[in-house]
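Dear colleague,

Please look through the model first and then read on.

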Amino acid sequence: MRIVVIGANGTTGQEVVTQALSAGHEVVGAVRRPETLSHIKGVEVAKIDLSDADTLAAAMRGADVVISTLGHGGVGAAMKFTTLYSDATRTIRTAMRATGVKRIMVLSSGGTVDNDKAPGFYTKLLRRLLINTYTDMARMETILEESQDLEWTSVRLTYLRKGPSKPFLAQEGKLDRGNFQIHFTDAARFIVDELIAREWINAHPVLGYNKGAKAISNSTTAALA
């Protein structure tokens with residue numbers, strides 16, 4: 001399968017690229033600065049401008065799936081008003097329609113919706129600090145939901161951290177239990193597995209761990225219902 005990873009030089013993007021290559025996929029890393037992917041062997045690099053659909057279309061030709069792993073790269077930037085996600089998604093959609101690519105997966109957040117099951121640090125701290133980003137992610141999801149010609153998956157991450165792979169939860173819309181955290185490696189694993197599994201078409205899977213989840217000793221991560 002040939003996939004295009006937009007924002008491939010971020011932490012999650014690099015995890016997706018590396019795991020997708022290991023799984024045998026052809027990977028195009030679509031970034032503003034191609035030199036930021038020079039350390040990953042096997043990835044084809046395309047220079048893009050998120051405001052220019054033609055540059056995105058050039059990267060997408062012949063692709064089966066587009067994966068957007070766009071992010072601000074820091075809490076400070078994520079606290080500010082933004083239209084990054086919604087604007088980029090509109091441009092990506094234009095390029096997909098121009099090239100005939102139908103499948104798209106994007107990174108979003110569980111913070112796009114209220115959840116009374118979430119712990120206090122998530123509802124009282126993270127969601128309040130990052131509400132501008134979450135609001136634009138919600139706009140992004142609306143754009144996808146209105147795109148009836150596309151097969152989309154909006155992967156709603158919880159508190160994203162570095163750490164080992166663990167069995168994780170995947171539930172539609174919002175989590176009803178767990179610690180509301182997910183590691184970069186497992187976020188990427190879910191995305192790469194979903195390329196083939198296709199279990200979350202036109203859906204909003206939310207990822208997180210059960211409280212007390214232990215690291216696993218191999219590269220296969222179990223997703224729990």
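In this model, helix α2 (residues 53-60) and helix α4 (residues 84-99) have axes that come within 8 Å of each other and cross at roughly 50°. That angle makes α2 oblique to α4 (angles under 35 degrees count as roughly parallel, over 145 as roughly antiparallel, 65 to 115 as roughly perpendicular, and the rest as oblique). The crossing of α2 past α4 is right-handed, and the contact (heavy atoms within 4.5 Å) is made by A53, L56, A57 and M60 of α2 with T91, I92, T94, A95, M96 and T99 of α4. By class, the residues of this contact are seven nonpolar, three polar and no charged (Ala, Val, Leu, Ile, Met, Phe, Trp, Tyr, Cys and Pro count as nonpolar, Asp, Glu, Lys and Arg as charged, and the others, Gly among them, as polar).

Before going further, please keep in mind that the model is predicted, so that local features need pLDDT of at least 70 and side-chain atom pairs count only at pLDDT 80 or more, while totals for chains, interfaces and linings use all residues. Residues are numbered from 1 along each chain as its sequence is written, and side-chain values use heavy atoms, with hydrogens and water left out.

Staying with α2, its buried residues (under 20% relative accessible area, with exposed being over 50% and partly exposed in between, for a 1.4 Å probe and protein chains only) are A53, L56, A57, A59 and M60. Seen down the axis of α2, these buried residues fall within an arc of 160°, so they line one face of the helix. They pack against α4 and also against the strands β1 (2-6), β2 (26-31), β3 (44-47) and β4 (65-68).

The crossing of α1 and α7 is right-handed, and its contact is made by T11, T12, E15, V16, Q19 and A20 of α1 and F184, T185, A188, R189, I191 and V192 of α7. Here the residues divide into six nonpolar, four polar and two charged.

Finally, F180, although not a glycine, has a positive phi of about 60°; it lies in the loop between β8 (168-172) and β9 (181-183) and, at 2% relative accessibility, counts as buried. R198, also other than glycine, has a positive phi near 55° and sits in the loop between α7 (184-197) and β10 (205-208), where R198 is partly exposed, with a relative accessible area of 41%.

How values were computed
Axes fitted to C-alpha atoms, helices over the stretch in contact; angles between N-to-C directions. Helix = DSSP H or I, 4+ residues; strand = E, 2+ residues; numbered from the N terminus. Left-handed = near helix turned anticlockwise from the far one by under 90°. Arc of directions from axis to C-beta.
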